Amino acid sequence: MAEEKDIIQLLEDEEKHPEAFRLILSTYKERLYFLIRKIVIDHDDTDDVLQEAFVKIWKNLDKFRGDSNLYTWLYRIATNEALTFLRRRKNQNNISMDENPELLRMLDSGGGKAQHISGDDIAIALQKAVLQLPEKQRLVFNLKYFEHLTYEEIAEITDTSIGGLKANYHAAKKKIEEIIELD
């Protein structure tokens with residue numbers, strides 16, 4: 001796995017962009033996949049969006065100026081591609097992406113309350129609750145809780161104020177707690 005500073009150094013020389021891109025791909029592909037997967041949910045859709053994100057990254061390598069961390073720049077591109085995909089799908093299907101009963105049924109473990117709650121049960125309950133959040137809250141929650149990004153990094157990725165992000169994150173946490181308590 002390459003160091004960010006090594007990739008940035010390669011990006012400074014346009015002739016070394018193919019090598020820098022290969023390093024970006026090998027270093028960040030998995031992280032970007034899971035970021036996108038948390039937004040679009042479906043594996044096949046995630047693969048499509050990830051491919052689009054890497055095409056956009058390749059086409060815009062010369063635009064990275066080092067004003068932000070490389071991974072922040074990559075996350076922003078991947079997040080924007082995922083949100084564009086959701087908006088496009090929403091417009092095509094004219095359905096709300098904030099409520100997806102089919103996905104909720106897939107995550108629902110069925111049956112009554114289990115006497116023993118496993119880590120998998122907790123993870124499923126959390127994912128089920130996250131899917132019920134509005135799009136913006138879901139994105140902020142995923143980036144903060146699962147990706148462990150700072151509010152400053154999320155602000156740069158989403159082009160949102162830190163105050164707005166904090167409000168979205170805390171509202172998301174409260175809704176998740178309420179949803180999990182009801183289950």
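The request below picks the part, and the reply goes through it before turning to other places in the chain.

Please look at helix α8: which of its residues are buried, and what value does phi take just after it?

Reply: A note on the source comes first. This is a predicted model, in which local features need pLDDT of at least 70 and side-chain atom pairs count only at pLDDT 80 or more, while totals for chains, interfaces and linings use all residues. Residues are numbered from 1 along each chain as its sequence is written, and side-chain values use heavy atoms, with hydrogens and water left out.

The setting is a protein with nine helices and zero strands. Helices (H or I, at least four residues) and strands (E, at least two) are DSSP runs, numbered from the N terminus. Of the 183 residues, 41% count as buried. Buried means under 20% relative accessible area, exposed means over 50%, and partly exposed is in between (1.4 Å probe, protein chains only).

Now to α8, which spans residues 151-158. Six of its eight residues are buried, so the helix is mostly covered. The buried ones are Tyr-151, Glu-153, Ile-154, Ala-155, Ile-157 and Thr-158.

The loops on either side each hold a residue with a positive phi. Most residues other than glycine have a negative phi. His-148 sits in the loop between α7 (135-146) and α8, and its phi is near 60° although the residue is not a glycine. At 65% relative accessibility, His-148 is exposed. Just after α8 comes Asp-159, with a positive phi of about 55°. Asp-159 belongs to the loop between α8 and α9 (162-182) and is exposed, at 61% relative accessibility.

A salt bridge is a side-chain nitrogen of Lys or Arg within 4 Å of a carboxyl oxygen of Asp or Glu, and the structure holds five. One of them joins the side chains of Arg-89 and Asp-45, at 2.1 Å from N to O. Arg-89 lies in helix α4 (residues 70-93) and Asp-45 in helix α3 (residues 43-59), so this pair ties together parts that are 44 residues apart in sequence. Both Arg-89 and Asp-45 are buried.

Lys-56 and Glu-81 form another salt bridge, at 2.9 Å from N to O. Lys-56 is in α3 and Glu-81 in α4, so this pair ties together parts 25 residues apart in sequence. Lys-56 is partly exposed at 38% relative accessibility, whereas Glu-81 is buried, with a relative accessible area of 11%.

A further salt bridge joins the side chains of Asp-6 and Lys-5, at 3.5 Å from N to O. Asp-6 is partly exposed, with a relative accessible area of 31%, and Lys-5 is exposed, at 59%.

Last, the start of the chain. Gln-9 is in helix α1 and is exposed, with a relative accessible area of 54%. Its C-alpha is 8.6 Å from that of Ala-20, a residue 11 positions away in sequence. Glu-14 has its place in the loop between α1 (4-11) and α2 (17-40), and it is exposed as well, with a relative accessible area of 63%.
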